[in-house]
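Dear colleague,

I am handing over the structure below, and I would be glad if you could look through it with the notes that follow.

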Amino acid sequence: MPSMIVISATAVPDHLRGALTRWLLEVTPELYIGTVSARVRDELWTSVTACTANGAAVLAYPAANEQGFTLRTTGSRRRTPIDFDGLTLMAFGKKSQEMANLF
Amino acid sequence: MLPRVADSLSFLYLDIVRIHQDDTGVCAEVTSERRGTETVYLPTAALSCVLLGPGTSITARALATFARHGTTVLITGAGGVRCYAATLPDSLTTTWLEHQTRAWADDTRRLAVATAMYEKRFGPGTVPAGANFNQLRGFEGQRVKALYQLLARQYKIGRFRRAYDPDSWDTQDPVNLALSSANTCLYGIVHAAILALGCSPALGFVHNGNQQAFVYDIADLYKADLTIPLAFSLHNSPDPEAAARRSFRDGLRLFKLLPRIVTDIQTLLAPGHPTDIPDPEEQLVDLWDPTTGTVPGGTNHTPGP
């Protein structure tokens, strides 16, 4: 059964953006939304992970857990999901935090 | 109010972190050996309860933000075992506190509530008419012991003896560790639900003389369905405490625990009373009158011209 997915892909090559827009809507730069089957979602994610070496990408889709969704991340500039006994929160490095507090 | 409590995420357990409020929100600084110190923003308004374990420090501003969002903050022991203190969200209706204290202060009604609690656990009609507290405790002891024996046989554990002595914590068997850990999560969630309704966690019907007596009363309704079978299923687990919290969370979702706790408390305290709660934002403080009940506040009640 198809379900909604959200992909955010930062600093990825143009050919990947083309591949994503064939299935999903680019609602704002680098943010893709669509409703696809689990098979298509996994294939899309495989092609995203194959070319996000220096960028970052995240995929969110519905899941039968307490939060109602699952996250996958890839790339070297990413924020990391941390699992707190079953609850997923996002962690990011000290550096970006200091940048945010500069002003 | 009611849907907000029921819709929220059940609990978050944190230890060895520094929690503070920055310009954007409440965040925890998590330090791991592999990745150093990282910042994790906490979804304050979406959480119904936060368990803070040892090694946690939290700023007053962060705590105030939790309080403003009605999130219960519990100070717990290692692994969420034992609860030392909890915060109480402000600005709540006292409707359910009034139902609770009226039922609690009248000995006949107190016994009726206690009987209703036992029947909720073991099925309607299981308590003979006119049973007193002493008899109720006897029935409960037998039933729980029988459940322990049944599960011990099912998982081939041999003899099981419930122990939760914090002094000999590390030497306990996995079932006891998992059970204590899952029970504390359950206490945290029940505590959050009780506070969210505006009831007092201290006025218990079966338990007595402890600031969490009512929490223990309500939590006992769900142990046989939820935490006890879970703990026995983890008898081979290398890390029973964390595994218990993780599987407990999945169990909560299937069991729809928070909404169930809220309606169960309401039907126990006031059978037949409509269970929808007015929005506390919209309600003014009422005045009380012994003959007419509540009288609207915020108006001048001076008689005559």
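Please keep in mind that this is a predicted model. Where the two chains meet, 24 residues of chain B are in contact with 20 residues of chain A. The size of an interface is often given as the accessible area lost when the parts come together. Between chain B and chain A about 2000 Å² is buried, and 54% of this lies on carbon and sulfur atoms.

Turning to individual contacts, one salt bridge is counted between chain B and chain A, and it is formed by Asp83(A) with Arg246(B), whose closest N and O atoms are 2.8 Å apart. The count of residue pairs in polar contact between chain B and chain A, both at pLDDT 80 or more, is three. On the side of chain B that touches chain A, at least two residues each come from strand E1 (12-14), strand E3 (26-32), strand E4 (36-41) and helix H9 (240-255) of chain B, and the residues of that side divide into 12 nonpolar, nine charged and three polar.

Strand pairing also crosses between the chains: strand E7 (residues 87-93) of chain A runs antiparallel to E4(B) and is joined to it by three bridges, with Val40(B) in E4(B) as the bridge partner of Ala91(A).

Over all chains, the structure holds six aromatic pairs. The ring centres of Tyr148(B) and Phe160(B) are 5.1 Å apart and their planes stand at 65°, so this pair is edge-to-face. Because Tyr148(B) lies in helix H5 (residues 133-154) of chain B and Phe160(B) in the loop between H5 and helix H6 (174-197) of chain B, the pair ties together parts that are 12 residues apart in sequence.

Key
Residues are numbered from 1 along each chain as its sequence is written. Chains are lettered from A and ligands numbered from 1 in the order in which they are written. This is a predicted model: local features need pLDDT of at least 70, side-chain atom pairs count only at pLDDT 80 or more; totals for chains, interfaces and linings use all residues. Side-chain values use heavy atoms; hydrogens and water are left out. Contact means heavy atoms within 4.5 Å. Buried area is the accessible area (1.4 Å probe) that two parts lose on being put together, summed over both. A salt bridge is a side-chain nitrogen of Lys or Arg within 4 Å of a carboxyl oxygen of Asp or Glu. A polar contact is a pair of N or O atoms within 3.5 Å; within protein, one must be able to donate a hydrogen and the other to accept it, and residues adjacent in sequence count only if both atoms are side-chain atoms. Helices (H or I, at least four residues) and strands (E, at least two) are DSSP runs, numbered from the N terminus. Ala, Val, Leu, Ile, Met, Phe, Trp, Tyr, Cys and Pro count as nonpolar, Asp, Glu, Lys and Arg as charged, and the others, Gly among them, as polar. Two strands pair if DSSP finds at least two bridges between them. Rings of Phe, Tyr and Trp (its six-membered ring) pair if their centres lie within 6.5 Å; planes under 30 degrees apart count as stacked, over 60 as edge-to-face and the rest as tilted.
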